[in-house]
Amino acid sequence: GPLVANAALIGPTPYLTSADSPFLPSTGFTYFHLDDFEDGVLNTPGASASGGGLCMAGATCFGGSGLIDSVENGQQGKDLWASGSISFLFNAAILGALPNAVGIVWTDGAGTINFEAFDASNQSLGILSGSHADASFTGGKAEDRFYGLTSLVGIARIVISNTAGGIEVDHLQYGLQGEAPESVPEPRTLALLGLCLAGLVLGR
């Protein structure tokens, strides 16, 4: 069936603290990471971000001005800001396998919010949209929403944007529910294994 049939979209749902994450407590995960950006960087393993004018709100971005909307600390905290969309990419080589559960919290902006996820072949796994922006830009939490999904095929990238002005996000979270897929031996490895088995038979 279509790849989107292997994905379950989650949200947008209200999100005030990490206790509102649908993935926590992270039991049953081979790995799970949540970056709240409060140290001023995105530094959880195997994740990177890109976007127009991308900067850390509360640090290099606004220099402590009121236009910050951190999940934990409102105007006094840190989150990620961009002038347009923000993409998060996940590195299977570092993580061991692509995450199959990913989420991000939209904390501020205007217009309609759009969230989309993609697999390793750049095929869309589904789209979520929200219209909960409240035209307040001073750290309020009433509009904060979680956008995420789970997918059997693995998630290589997510993109979140809104249709007017800048965008702020927080609490990037991603993990692998269950065991990592077993690696398939390379042909050479299989050939060597066959020779070894043949040797054992002759030895007998």
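I started at Thr107, whose side chain reaches the backbone oxygen of Asp69 at 3.0 Å. I note here that the model I am reading is a predicted one, and I keep that in mind for each entry below.

Staying with this residue, I looked up a further partner and found that the side chain of Thr107 also makes a polar contact with the side chain of Asp79, at 3.5 Å. Thr107 is found in strand E7. Is Thr107 buried or exposed? Its relative accessible area is 0%, and because buried means under 20%, I wrote Thr107 down as buried.

Next I turned to the nonpolar residues. The largest nonpolar core has 32 residues, and those with the most contacts inside it are Phe88, Phe90, Ile104, Ile158, Ile160 and Leu172.

Leaving aside residues up to four places away in sequence, Phe88 touches several residues, among them Phe37, Leu42, Leu80, Ile104, Ile158, Val169 and Leu172. A second, separate core has eight residues, including Phe29, Phe32, Val71 and Ala101.

My next entry concerns strand E2, which covers residues 29–35 and is mostly covered, since five of its seven residues are buried. How do E2 and E10 pair? They run in the antiparallel sense, and the pairing extends over six bridges. Within E10, I found Leu172 standing opposite Asp35.

Last, I looked at Leu89, which lies in strand E6, residues 86–90. At 36% relative accessibility, Leu89 counts as partly exposed, because that value falls between the 20% limit for buried and the 50% limit for exposed. Not counting residues up to four places away in sequence, Leu89 touches Gly46, Ala47, Ser48, Ser50, Ala156 and Arg157. I also checked Leu89 against Ile155, which is 66 residues away along the chain, and their C-alpha atoms are separated by 8.7 Å.

To compare the contact lists, I noted that Ser48, Ala156 and Arg157 are among the residues that Phe88 touches, and that Leu89 touches Ser48, Ala156 and Arg157 as well.

Terms used:
Residues are numbered from 1 along each chain as its sequence is written. This is a predicted model: local features need pLDDT of at least 70, side-chain atom pairs count only at pLDDT 80 or more; totals for chains, interfaces and linings use all residues. Side-chain values use heavy atoms; hydrogens and water are left out. Helices (H or I, at least four residues) and strands (E, at least two) are DSSP runs, numbered from the N terminus. Buried means under 20% relative accessible area, exposed over 50%, partly exposed in between (1.4 Å probe, protein chains only). Contact means heavy atoms within 4.5 Å. A nonpolar core is a set of buried Ala, Val, Leu, Ile, Met, Phe, Trp, Tyr and Cys residues joined through side-chain atoms within 4.5 Å. Two strands pair if DSSP finds at least two bridges between them. A polar contact is a pair of N or O atoms within 3.5 Å; within protein, one must be able to donate a hydrogen and the other to accept it, and residues adjacent in sequence count only if both atoms are side-chain atoms.
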